[in-house]
Amino acid sequence: MADEPKKRVAIVGGGITGLTVAYYLQKEIMSKGLNLEYKLLESSDKLGGKIQTDYTNGFVIEKGPDSFLARKQSAAKLAKEVGLESELVHNDTGQSFVLKGDQLYPIPGGAIMGIPTKLAPFATTKLFSPMAKLRAAGDLFLPKTSQPDEDQSLGHFFRKRLGDEVVENLIEPLLSGIYAGDIDQLSLMATFPQFHQVEQKHRSLILGMSKVMPKPAKAVQPTKSRGMFMSFKGGLQSFVDSIENHLDEDAVKKSVSVYSIMKEGEQYKLTFTDGHVETFDRVILTTPHEVTTDILRNYSHIIQPLKEIPSTSVATVAMAFPLSSMKGVLGGTGFVVAKKSGYSITACTWTHKKWKHSAPEGYALLRCYVGRFGNDEIVSRSDDEILAAVKKDLKKIMKIDEPPQFHSITRWKKAMPQYIVGHKQRIEQLKTTLKNEMPGVYVAGAAYEGLGLPDCIDQGEAVVHNVVQSL
């Protein structure tokens with residue numbers, strides 16, 4: 001009936017997941033003539049969540065994520081939809097290093113997340129002792145170490161296959177860099193199920209990864225390899241701005257905070273922190289999981305799985321230098337730090353070498369990270385203390401003596417959800433309980449089924465599909 005009131009959908013949280021939901025829901029409403037309206041509700045005065053780009057002095061400095069995986073195609077697809085196809089860029093490739101002790105060691109060629117797929121680079125690297133190399137080679141002969149559906153920690157899985165030294169000097173710094181987590185607690189099935197599948201199918205990780213590696217294409221003439229990551233010439237903020245420009249501005253409400261949600265018949269009453277109340281037919285919570293837990297405080301049995309997801313705090317320290325200061329920088333794109341090295345920084349990207357658009361001609365841009373799971377106290381220190389710790393490390397590692405021309409420190413408190421062992425079961429339990437007891441309320445975002453931009457976009461698209469189907 002034409003005079004039926006429109007069904008109302010609330011999208012709580014304006015990060016990349018919420019933006020995706022709003023964009024694709026609006027597209028469905030317009031293309032199918034649905035009797036629906038949505039509101040995108042964001043507590044801060046700007047959209048994008050952890051995506052923030054600083055444009056000081058001609059630099060393009062990412063304060064949160066700096067890119068997304070190219071092989072996960074949903075981010076590039078959304079970029080094309082909002083008119084940014086010509087702005088997409090791949091990262092420049094170059095040697096990456098591991099800092100062990102006080103020395104930078106090249107990551108062995110052919111290593112995928114630290115797993116060897118070429119034996120010669122592993123045999124010749126000085127990153128591991130001869131005994132560690134022999135122990136890692138044991139993977140070629142070991143039986144399967146896990147059951148088909150059994151979850152376990154990444155640390156347990158990789159230590160059994162490749163030994164402690166390879167894990168601690170290569171796999172741990174690489175994987176901890178992605179999740180800011182403790183690999184002895186992170187869930188194998190929620191983070192890298194593909195490694196479990198390779199072991200199940202091929203028995204040996206080394207043999208299996210060698211087989212699943214795509215063979216390099218034969219080029220007529222040598223071409224520079226494209227990196228596995230993508231970003232935008234104008235920074236990731238340009239992505240957020242372009243999506244926002246495609247949304248109905250009357251549907252986007254900033255600086256409004258949802259305090260609580262209550263079920264009322266088949267609808268949901270949202271109470272805002274300023275006291276006003278609105279009713280919606282569907283509610284999509286894309287907020288950080290601690291915020292979602294708070295909004296659903298009246299349903300303590302539903303949110304129990306969310307309370308079991310810990311978070312880590314991290315800080316990024318971006319510093320600009322003249323290129324002449326970079327005498328200690330090797331021909332690469334950055335390094336990760338082995339846990340036992342005793343440094344404050346956990347990783348450092350030579351951003352100007354990875355992304356040409358990030359620094360003006362003649363300048364270098366370094367981006368260092370501090371804070372790790374179980375040891376993120378440094379994030380709460382003052383700017384001066386954080387900067388002093390990072391500069392001390394860089395002086396020792398890269399012989400950088402002079403102060404940066406300028407710096408930018410960004411703290412992300414409790415920003416990295418930890419997918420600890422049993423994570424998939426927790427999320428299944430949460431979603432099943434919501435479906436049964438609060439049908440029409442959905443959760444999506446970095447705490448659930450993937451941290452990366454494409455993972456969040458995929459979750460947003462899936463929620464839109466479910467909402468449209470349900471209505």
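Which residue in the turn of the hairpin formed by strand 7 and strand 8 has a positive phi? It is Gly-101, with a phi of about 65°. Before I go further, please note that the structure before you is a predicted model.

Let me stay with that hairpin for a moment. Between strand 7 and strand 8 there are 2 residues. Strand 7 covers residues 95-100, and strand 8 covers residues 103-106. These two strands pair in the antiparallel sense, over 4 bridges.

What is the order of its strands? The order is 12-2-1-16-22, and the pairing is parallel. The edges are strand 12, residues 252-253, and strand 22, residues 441-443, each of which pairs on one side only. Within the sheet, strand 1, residues 7-12, is joined to strand 2, residues 36-41, by 6 bridges. Val-9, for instance, has Tyr-38 of strand 2 as its bridge partner. Helix 1, residues 16-32, lies across strand 1, strand 2 and strand 16, and runs at about 165° to strand 2.

A further open sheet has 3 strands in the order 5-11-6, with antiparallel pairing. Its edge strands are strand 5, residues 68-69, and strand 6, residues 88-92. Strand 6 pairs with strand 11, residues 226-232, over 4 bridges, and Leu-88 stands opposite Phe-232 of strand 11. Helix 2, residues 74-81, packs on this sheet and touches strand 5, strand 6 and strand 11. The direction of helix 2 makes about 140° with that of strand 6.

Next, a pair of helices. The axes of helix 8, residues 193-202, and helix 9, residues 205-212, come within 8 Å and cross at roughly 105°. The two helices are therefore roughly perpendicular to each other. Helix 8 contributes Phe-195, Val-198 and His-202 to the contact, while helix 9 contributes Leu-205, Gly-208, Met-209, Lys-211 and Val-212. By class, the residues of this contact are 5 nonpolar, 2 polar and 1 charged.

Finally, we come to empty space. Rolling a probe the size of a water molecule over the atoms shows where such space is left. How many cavities of 30 Å³ or more are there? The count comes to 3. The largest cavity holds about 50 Å³ of space, and the residues lining it include Glu-62, Asp-66, Trp-355 and His-357. Its lining has 2 nonpolar, 4 polar and 2 charged residues.

The second largest pocket has a volume of about 340 Å³. It is lined by 15 residues, and those closest to its centre are Lys-431, Lys-435, Val-441, Tyr-442 and Asn-466. Helix 15, strand 22 and helix 16 each give two or more residues to this lining, and helix 16 supplies the largest share, 4 residues. The lining of this pocket divides into 9 nonpolar, 3 polar and 3 charged residues.

Conventions. Residues numbered from 1 in each chain as written. Predicted model: local features only at pLDDT ≥ 70, side-chain atom pairs only at ≥ 80, totals over all residues. Heavy atoms only, no water. Pairing = 2+ DSSP bridges. Contact = heavy atoms within 4.5 Å. Axes fitted to C-alpha atoms, helices over the stretch in contact; angles between N-to-C directions. Parallel < 35°, antiparallel > 145°, perpendicular 65-115°, else oblique. Nonpolar A, V, L, I, M, F, W, Y, C, P; charged D, E, K, R; others polar. 1 Å grid on protein atoms, 1.4 Å probe; cavity = no way out; pocket = protein on both sides within 12 Å on 5 of 7 lines; lining within 4 Å. Points joined across faces, edges and corners; volume = space filled by probe spheres on them.
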